[in-house]
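Colleague: Could you walk me through this one slowly, as I am still new to reading structures?

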Amino acid sequence: MLPEAACWRRPSRSDAAACAEKDRFDGTCCIIEPVTETEPPRIVVSGLTKQFGDVKAVSDLSFTVEPGSVTGFLGPNGAGKTTTLRMILGLARADSGDATIAGRHYIDLADPTRMVGAVLEANSFHPGRTARNHVRIYCTAAGIPTSRADEVLALVGLTEAARKRTGGFSLGMRQRLALATALIGNPKVLILDEPANGLDPEGIAWLRTLVRHLAETQGCTVLVSSHVLSEVEQTVDRVVILARGRLIRQGTLEELASGSVGSVVARSPDPDALRAAVGSIGGDVTATAEPDGALRITGATPEQVGRAAWSKNVELHHLVGEQASLEELFLSLTAHATLHAPPSPSPPAPS
Amino acid sequence: MIKLLRAEYQKVVTTRLWWGMLLGTLFLVGVAVAAQIGTNGLARSAAPPLSTGIEQRSIFGTSAGGDIFALVVGIIFITVEFRHFTTRPTFLGEPHRGRVIFAKIIVSGAVGFVYGLASIALTIAIAVPWFSAKGVTIDWSGNDLYVVMLAVLAVVTIYAIVGLGIGVLVRNQIAAVIGSLVYLFVFEPLVAGLSHLWSWLGDIYEFLPGAAAQAVTQIDNTRGNTMLVPWAGGLVLLGWGLLFALLGWLEAVHRDVP
């Protein structure tokens with residue numbers, strides 16, 4: 001069950017009163033009028049900086065998230081992802097720099113609930129309030145009919161739990177409820193902070209379908225944060241990689257993959273001879289022994305290794321090129337940033 | 001603004017807090033009023049007779065005894081949002097945080113008003129049949145009982161607003177509730193006691209929130225301190241309410257949302 005493009009509810013009684021005040025009623029359908037923003041719903045972050053005490057949580061961060069695509073916002077825990085999202089959403093103040101959605105700061109959006117839906121950590125519920133009442137409150141605040149609550153709860157598969165207090169909800173149910181709350185205004189921009197946390201594999205697959213659908217058929221701008229690339233690899237078109245509050249890399253998954261370094265695994269009954277042969281290739285070639293006796297060679301192509309073995313008369317039983325997985329690449333990129341982080345001022349060495 | 005007021009109203013009625021605290025209020029007021037009427041005329045009671053204006057005013061003023069619950073409801077109404085992070089969806093829906101705080105101030109005051117009305121209704125329900133059983137007439141206008149009831153409404157309403165302001169400032173629910181109770185039941189009585197030693201302290205004491213609230217109803221002056229006249233006490237109390245609300249408003253707008 002996925003939302004239709006513009007028609008987000010069909011009132012049972014054919015009257016316009018069942019539509020939200022900002023909707024147009026065409027006889028069968030409440031149609032969301034395009035939001036008054038003229039700019040496309042692009043997220044632009046430029047030079048964003050935020051410091052907590054002595055710690056720079058985010059430093060001079062700039063990136064863009066385009067409409068009609070899903071962008072993965074990646075980085076290890078503590079990289080500053082959540083802080084950045086909170087600054088985009090106007091919940092936290094930036095020390096310097098700017099974040100805009102459709103060319104406006106969040107606080108200046110004409111109708112934030114219909115423009116942006118956000119899920120920040122799925123624990124924003126009063127435990128004594130039912131899921132349905134929770135969603136209805138935010139419908140009321142945004143001027144959307146409270147009947148919309150039942151629709152979004154059905155969309156995320158919480159119809160049966162709708163009248164239960166959220167205190168007894170599992171993490172997966174909380175994620176779904178937070179997502180339902182974010183979707184009440186059929187927003188153009190969706191910002192999800194670690195949405196896969198607590199979801200079962202079925203829930204993750206469902207979320208992936210929903211997010212792809214919103215981006216592809218409705219042209220939504222979707223920004224999904226995660227600390228595990230493999231979690232979002234199949235969902236995202238582009239990635240923005242962050243470590244220690246700094247931008248490491250941004251671009252499409254293909255662009256990311258093309259920068260990765262491959263290696264060659266070769267096996268010979270005479271490993272020492274093979275190692276010597278590989279050494280003759282020249283250049284920056286390294287060979288390390290794998291636990292099973294094979295050699296892992298970096299800095300050379302399989303063709304180069306094969307030719308070197310053949311010319312030195314080394315018997316080969318196995319020769320294969322391996323591309324580093326995106327996850328390995330992601331880990332090496334963010335680890336690199338950790339190693340090369342600006343050194344903290346150290347006390348002068350004793351003379 | 002209407003949308004926000006309705007959303008805040010929905011927040012109040014969709015959890016059990018409001019009626020739990022209302023039950024507490026009514027229990028406290030009911031017991032206090034019944035005890036005051038019941039013990040009147042007993043051999044050891046020093047209270048003036050039930051027929052006197054001062055005693056009738058005192059009994060009806062006792063309806064304000066639930067003001068502490070209104071204060072706590074006001075505190076919880078906002079701190080529960082910080083505690084469970086519902087401030088996030090709230091401020092995402094309305095990024096102009098001042099408007100949200102303003103709606104909360106109005107709704108919190110309305111809840112206090114309802115508590116005040118309920119307390120007065122209970123007091124009337126207890127006092128009227130009991131007085132007539134004792135054959136004592138209640139002189140509503142002659143004894144200014146209407147004024148006392150209005151004063152009770154004002155005190156309970158303003159206390160709920162003060163509570164909201166404290167809640168926005170302190171954010172931590174436990175600290176805000178405990179701090180307020182310690183202030184009202186330990187700190188102010190201490191100042192009241194010490195002001196018998198130093199008279200200048202008494203001049204300050206009159207203007208503290210608890211003392212101002214007592215001045216509005218002109219009852220419960222067990223500490224023997226001087227009090228402001230009722231309307232001045234009302235203005236001072238309102239001033240405290242507005243001060244806390246304003247400080248809370250400024251804080252909410254400028255601090256990061258947790």
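Colleague: Before we start, how should I read the numbering, and what kind of model is it?

Modeller: This is a predicted model, in which local features need pLDDT of at least 70 and side-chain atom pairs count only at pLDDT 80 or more, while totals for chains, interfaces and linings use all residues. Residues are numbered from 1 along each chain as its sequence is written, and chains are lettered from A and ligands numbered from 1 in the order in which they are written.

Colleague: OK, how many helices and strands does chain A have?

Modeller: The secondary structure of chain A comes to 11 helices and 16 strands, where helices (H or I, at least four residues) and strands (E, at least two) are DSSP runs numbered from the N terminus.

Colleague: And what percentage of chain A is buried?

Modeller: Of the 351 residues in chain A, 42% are buried; a residue is buried if 20 or more other C-beta atoms lie within 10 Å of its own, exposed if 12 or fewer, and partly exposed in between, with C-beta atoms placed from the backbone.

Colleague: Which strands make up the open sheet of four, and in what order?

Modeller: The order is S14-S15-S13-S16 in chain A, with antiparallel pairing, and two strands count as paired if DSSP finds at least two bridges between them. The edge strands, each pairing on one side only, are S14 (286-289) and S16 (318-322) of chain A, and the twist averages 20° from one strand to the next.

Colleague: How many bridges hold S13 to S16 there?

Modeller: Strand S13 of chain A, residues 263-267, pairs with S16(A) over five bridges in the antiparallel sense, and A:Ser263 stands opposite A:Glu322 in S16(A).

Colleague: Which helices go with those strands?

Modeller: Helix H9 of chain A, residues 271-279, packs on the sheet and touches S13, S14 and strand S15 (295-298) of chain A. The direction of H9(A) makes about 5° with that of S15(A); axes are lines fitted to C-alpha atoms, for helices over the stretch in contact, and angles run from 0 to 180 degrees between N-to-C directions. Helix H10 of chain A, residues 302-311, lies across S13, S15 and S16 of chain A and runs at about 160° to S16(A).

Colleague: Switching topic, how many residues of chain A are in contact with chain B?

Modeller: There are 27 residues of chain A in contact with 23 residues of chain B, and two residues are in contact if their C-beta atoms, placed from the backbone, lie within 7 Å. On the chain A side, the elements that give two or more residues are helix H2 (112-115) and helix H3 (131-142), with H3(A) giving the largest share, seven residues.

Colleague: What sort of residues are they?

Modeller: The chain A side divides into 14 nonpolar, 10 polar and three charged residues; Ala, Val, Leu, Ile, Met, Phe, Trp, Tyr, Cys and Pro count as nonpolar, Asp, Glu, Lys and Arg as charged, and the others, Gly among them, as polar.

Colleague: Over in chain B, how do H4 and H7 cross?

Modeller: The axes of helix H4 (residues 67-83) and helix H7 (residues 145-170) of chain B come within 7 Å and cross at roughly 35°. The residues of this contact of H4(B) with H7(B) divide into 16 nonpolar, four polar and one charged.

Colleague: And which elements does H11 of chain B pack against?

Modeller: The buried residues of H11(B) pack against H6, H7 and helix H10 (209-217) of chain B, and those buried residues include B:Trp240, B:Phe244 and B:Trp249. The axes of helix H6 (residues 97-134) and helix H11 (residues 230-254) of chain B come within 8 Å and cross at roughly 150°.

Colleague: Last topic: is A:Glu194 buried or exposed?

Modeller: A:Glu194 counts as buried because it has 23 C-beta neighbours inside 10 Å, and A:Glu194 lies in the loop between strand S9 (189-193) and helix H6 (201-218) of chain A. A:Glu194 also has a positive phi of about 45° although it is not a glycine. Most residues other than glycine have a negative phi.

Colleague: What about A:Asp60?

Modeller: A:Asp60, in strand S5 (residues 55-65) of chain A, has a positive phi of about 45° and is not a glycine either, but A:Asp60 counts as partly exposed because it has 14 C-beta neighbours inside 10 Å.
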